[in-house]
Amino acid sequence: MHAFNFLAPARIREQYNTGITMMLDKGLGPRMVEDFLEIAGEHLDFVKFGWGIISLCDRDIIKEKIRIYRDYGVEAHPGGTLFEIAYIQGKLEEYFHEAEKLGFKYLEISDGSIDLPRQEKTRVIENTIDHGFKVISEVGKKDPRNDKIISLKERVEHVKHDLRAGAEKVLIEARESGQNIGVYDEKGNVKEDEVEYLIEHLPVEKLIWEAPQKNQQVYFILKIGPNANLGNIPPEDVISLESMRRGLRGDTLGKVKL
């Protein structure tokens, strides 16, 4: 099956926990998902259905996609925006019920576009867990102007509160672009001093860094190691990311220890 496997160093990871690759699904069809997973499924942990797009898709197709992903050991979850829509409409119970019927085991709880006080977010995370879901939370705002207001100290406190509330992992917001938000500047370059601060004050194994751009992926692999948790990976980059994790690409060749 793996004709050239002898050239690929093994990467030991604990699935869903270390070395996480979280892909962004922006509307792939079921057959595309199956074809993709035949090639890349073993290198993937989570898939986020972006934004609120599953509301625009046939629910049977969503159920089928969740099943296909899970058959390959990949857990799918809806993006935090869908939670935020349910929250502001006062329809959280309906949201939980529908998510269960669709087959989701993980839900993302975020406040990127809404105002969700810290204690209220804690209550929502605990409530989500009480409904039988595992939680991946997200810290950061989607509007760069609002995100820049959050100090590093506040960002650390937000992450700690989410973890204490029971979140399994915390996403560090960077959106689909990875530019001018979170730990990235207007060109998508990493603000290394900010990353250093977060690593120093938080359990790095609990963080998933949204890193849609190649230079960002390379940075975290070299900074944290091949088992850095990375999210918002485009489908076409899942295999190339794995090659960088294993030192099979010039950017990391001879620079990673497995």
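This is a predicted model: local features need pLDDT of at least 70, side-chain atom pairs count only at pLDDT 80 or more; totals for chains, interfaces and linings use all residues.
Figure 1. Helix 4 supplies 5 residues to the lining of the second largest pocket, the largest share. The space in this pocket comes to about 330 Å³. Its lining counts 18 residues, and those closest to the pocket centre are Ile 54, Ser 55, Leu 82, Tyr 95 and Glu 98. Two or more lining residues come from each of helix 2 (59-71), helix 3 (80-88) and helix 4 (92-102). Sorted by class, the lining of the second largest pocket holds 11 nonpolar, 2 polar and 5 charged residues.

**Figure 2. Salt bridge between Lys 101 and Glu 98 in helix 4.** Glu 98, one of the residues closest to the centre of the second largest pocket, forms a salt bridge with Lys 101. The closest N and O atoms of the two side chains are 3.6 Å apart. Both residues belong to helix 4, where they are 3 residues apart, about one turn of the helix. Lys 101 has 42% relative accessibility and therefore counts as partly exposed. Glu 98 is also classed as partly exposed, because its relative accessibility is 28%; the buried class would require a value under 20%.

**Figure 3. Salt bridge between Asp 147 and Arg 155.** Side chains of opposite charge can pair when their charged atoms come close. Here the side chains of Asp 147 and Arg 155 meet at 3.2 Å, N to O. Asp 147 and Arg 155 are both buried. Over the whole structure, the search finds 25 salt bridges.

Figure 4. Asp 251 counts as partly exposed because its relative accessibility is 24%. Arg 249, with a relative accessible area of 27%, is likewise partly exposed.

**Figure 5. Strand 7 with both faces covered.** In a regular strand the side chains alternate between the two faces of the sheet. In strand 7 (residues 207-210), Leu 207 and Trp 209 are on one side, while Ile 208 and Glu 210 are on the other. These four residues are all buried.

**Figure 6. Strand 6 beside strand 7.** Strand 6 (residues 169-172) and strand 7 are paired in the parallel sense, with 3 bridges between them. Across this pairing, Val 170 stands opposite Leu 207 of strand 7. From strand 6 the chain passes through helix 8 (residues 192-201) to strand 7, in a right-handed β-α-β crossover.

**Figure 7. Strand 7 beside strand 8.** Strand 8 (residues 230-233) pairs with strand 7 in the parallel sense over 2 bridges. Glu 210 has Gly 231 of strand 8 opposite. The chain reaches strand 8 from strand 7 by way of helix 9 (residues 214-224), and the β-α-β crossover is right-handed. Leu 230 lies in strand 8, and at 0% relative accessibility Leu 230 counts as buried.

**Figure 8. Ile 20, in the segment before strand 1.** Strand 1 covers residues 21-25, and Ile 20 lies in the segment before that strand. Ile 20 has 0% relative accessibility and therefore counts as buried. From Ile 20 to Lys 121 the C-alpha separation is 24 Å, and the two are 101 residues apart along the chain.

**Figure 9. Gly 112, in the loop between strand 4 and helix 5.** The loop that holds Gly 112 runs between strand 4 (106-109) and helix 5 (118-130). Gly 112 counts as buried because its relative accessible area is 6%. Gly 112 and Asn 17 are 95 residues apart along the chain, and their C-alpha atoms are separated by 24 Å.

Definitions and conventions: Residues are numbered from 1 along each chain as its sequence is written. Side-chain values use heavy atoms; hydrogens and water are left out. Buried means under 20% relative accessible area, exposed over 50%, partly exposed in between (1.4 Å probe, protein chains only). Two strands pair if DSSP finds at least two bridges between them. A crossover is right-handed if, with the strands pointing away from the viewer, the path from the first strand over the helix to the second runs clockwise. On a 1 Å grid over the protein atoms alone, a cavity is a set of points where a 1.4 Å probe fits but cannot get out, and a pocket is an open set with protein on both sides within 12 Å along at least five of seven lines; lining residues have an atom within 4 Å of a point. Grid points are joined across faces, edges and corners, and a volume is the space filled by probe spheres set on the points. Ala, Val, Leu, Ile, Met, Phe, Trp, Tyr, Cys and Pro count as nonpolar, Asp, Glu, Lys and Arg as charged, and the others, Gly among them, as polar. A salt bridge is a side-chain nitrogen of Lys or Arg within 4 Å of a carboxyl oxygen of Asp or Glu.
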